[in-house]
Amino acid sequence: MTDEQRAGAAEVHDVHVFEEIADLCKALAAPMRWQILSACLESGRTNKELADVLGVNPGSVLHHVRTLVAAGLLAPEGERRGARNAVEIPYKTTDLVWRVGRSTAHLGDVLLAPHQTLGEGANPSEPA
């Protein structure tokens with residue numbers, strides 16, 4: 001491989017890395033998604049539990065949860081049976097959240113903010 005080919009290969013690699021970073025940024029662009037990640041740090045929460053904690057429509061939460069799952073920031077835990085024997089799927093943060101948090105200024109502070117502020121007008125874009 002020539003030096004020119006190596007340089008071209010490095011540029012292609014960089015594009016993919018930047019695309020992955022851009023995808024993560026898009027997934028984190030909505031304040032509600034920060035609140036969802038914060039709520040799912042300690043234990044898995046279902047869509048309904050998240051909607052109740054955040055005081056929003058479950059359909060809206062589901063949209064955000066799906067975006068976070070697609071970005072690799074949330075993962076479904078095993079199915080369980082809830083009230084009336086309904087199937088529930090709790091979601092929990094992945095290791096990617098911790099890796100991003102260690103490499104991004106203030107991300108970890110925001111995610112680790114006290115959970116009691118959720119649903120009370122907390123602004124997830126400001127560190128606690």
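Biologist: Which helix does valine 69 lie in?

Modeller: Valine 69 lies in helix α4. Helices here are DSSP runs of H or I with at least four residues, strands are runs of E with at least two, and both are numbered from the N terminus. This is a predicted model, in which local features need pLDDT of at least 70, side-chain atom pairs count only at pLDDT 80 or more, and totals for chains, interfaces and linings use all residues. Residues are numbered from 1 along each chain as its sequence is written, and side-chain values use heavy atoms, with hydrogens and water left out.

Biologist: Why is valine 69 called partly exposed?

Modeller: Its relative accessible area is 30%. Buried means under 20%, exposed means over 50%, and partly exposed is in between (1.4 Å probe, protein chains only). Valine 69 therefore counts as partly exposed.

Biologist: What is valine 69 in contact with, leaving aside neighbours within four places in sequence?

Modeller: Valine 69 is in contact with Leu74 and Tyr91, where contact means heavy atoms within 4.5 Å. Threonine 94 is 25 residues from valine 69 in sequence, and their C-alpha atoms are 9.3 Å apart.

Biologist: Why are α2 and α4 called roughly perpendicular?

Modeller: Helix α2 (residues 31-39) and helix α4 (residues 58-70) pack at about 75°, with their axes 10 Å apart. The axes are lines fitted to C-alpha atoms, for helices over the stretch in contact, and angles run from 0 to 180 degrees between N-to-C directions. Under 35 degrees is roughly parallel, over 145 roughly antiparallel, 65 to 115 roughly perpendicular, and the rest oblique. The pair α2 and α4 is therefore roughly perpendicular.

Biologist: Which residues of α2 meet α4?

Modeller: Met32, Arg33, Ile36 and Leu37 of α2 meet residues of α4 that include Val61, His63 and Leu68. Nonpolar covers Ala, Val, Leu, Ile, Met, Phe, Trp, Tyr, Cys and Pro; charged covers Asp, Glu, Lys and Arg; the others, Gly among them, are polar.

Biologist: What makes α3 roughly perpendicular to α4?

Modeller: Helix α3 (residues 47-54) packs on α4 at an angle of about 115°, with the axes 9 Å apart. That angle makes the two roughly perpendicular. Asn47, Leu50 and Ala51 of α3 make the contact with Pro58, Val61, Leu62 and Val65 of α4. By class, there are six nonpolar residues, one polar and no charged.

Biologist: Why does asparagine 85 count as exposed?

Modeller: Its relative accessibility is 53%, so asparagine 85 counts as exposed. Asparagine 85 is placed in the loop between β2 (80-81) and β3 (87-88).
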